[in-house]
Amino acid sequence: ELGQRSAAVIARLSWPGKPDGAPAVVPLTAEEQQRFVAGREVYQTLCAACHQPDGRGREHLAPSLVGSDLALGPADIAARIVLGGKEGSTGLMPPLGAALTDEQIAAALTYIRREWGHGASAVDVQTVRDVRTLSTGRTRPWTAQELKKF
């Protein structure tokens, strides 16, 4: 009931830059919330050194994850990057598929896709597992051009 009331109030408000007709953020299920919490730990332990605790990245080292099309787009693309790495103008995202389980990757991506004001969908373990299977044998990091094909 409170959510409906809040949505009604927000619908009547206006401010510069307010997105028109932006899709509502779907709340996480209890299982997805647990994945988010686990993902925070993975992110803080492994990812924050380069991407920073606030997700804004480091110049000449790692791009910002805040508002990132690759991080917030289709979940399978983000999973490909974490599993196989990515070449980029900022630097090289190392492949982490050998170091992380599918559960850890799904958790970290769920955290990234829902933290810092993001409202993207959670990432399920099966998506990561499927991408890992499809990427078996890949020996070099992805490029932006390759990822755009997906």
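Modeller: I81 lies in helix 4, which covers residues 75-84. Helices (H or I, at least four residues) and strands (E, at least two) are DSSP runs, numbered from the N terminus. The model is predicted, with local features needing pLDDT of at least 70 and side-chain atom pairs pLDDT 80 or more, while totals for chains, interfaces and linings use all residues. Residues are numbered from 1 along each chain as its sequence is written, and side-chain values use heavy atoms, without hydrogens or water.

Start with I81 itself. Its relative accessibility is 12%, and that makes I81 buried (under 20% relative accessible area; exposed is over 50%, partly exposed in between; 1.4 Å probe, protein chains only). Set aside the neighbours within four places in sequence. I81 then contacts L70, K86, M93, W142 and L147; contact means heavy atoms within 4.5 Å. L96 is 15 residues away from I81 in sequence, and their C-alpha atoms are 8.7 Å apart.

Now the whole helix. Nine of the 10 residues of helix 4 are buried, so the rest of the structure largely encloses it. The buried set is A75, I77, A78, A79, R80, I81, V82, L83 and G84. Their cover includes helix 3 (69-72), strand 1 (86-87) and strand 2. Helix 5, helix 6 and helix 7 (144-148) are also among the covering elements.

The buried residues of helix 2 (30-51) have strand 2 (92-93) and helix 5 (102-114) among their cover. Those buried residues are R35, F36, G39, V42, Y43, C47, A48 and H51.

Helix 2 is not straight. It has 22 residues, yet its end C-alpha atoms are only 27 Å apart, whereas a straight helix would reach 32 Å. That expected span is 1.5 Å times one less than the number of residues. A kink of about 50° is centred on Q44; the bend at a residue is the angle between axes fitted to the seven residues ending there and the seven starting there. Just past the end of helix 2, Q52 has a positive phi of about 75°.

R35 and E31 pair through their side chains at 3.1 Å, N to O. The term requires a side-chain nitrogen of Lys or Arg within 4 Å of a carboxyl oxygen of Asp or Glu. Both partners sit in helix 2, four residues apart, about one turn. An α-helix has 3.6 residues a turn, so residues three or four places apart point the same way.

Across the whole structure, a search finds seven salt bridges. One of them joins D102 and R129, with the closest N and O atoms 3.7 Å apart. D102 belongs to helix 5 and R129 to helix 6 (125-134), so the pair ties together parts 27 residues apart in sequence. D102 is buried, at 11%. R129 is partly exposed, at 35%.

Another salt bridge links E146 and R138, at 2.7 Å from N to O. E146 is buried at 16%, and R138 is partly exposed at 29%. Through shared partners, salt bridges also join D102, E103, R129 and R132 into one network.

V9, I10, L13 and W15 make a nonpolar patch of about 370 Å². Patch members have over 30% relative accessible area and no salt bridge; like charges are joined within 9 Å, nonpolar side chains (Val, Leu, Ile, Met, Phe, Trp, Tyr) within 5 Å. V9 lies in helix 1 (2-12) and is partly exposed at 42%.

Last, the whole chain. It has seven helices and two strands, in the order α-α-α-α-β-β-α-α-α. Its C-alpha atoms fill a box of roughly 50 × 35 × 30 Å along the principal axes. Of its 150 residues, 35% are buried. Among contacts with a separation of 6 or more, 59% are between residues 24 or more positions apart. The chain exposes about 9,400 Å², with 56% from carbon and sulfur atoms. Accessible areas come from the Shrake-Rupley method with a 1.4 Å probe; for residues, only the protein chains shown count as cover.
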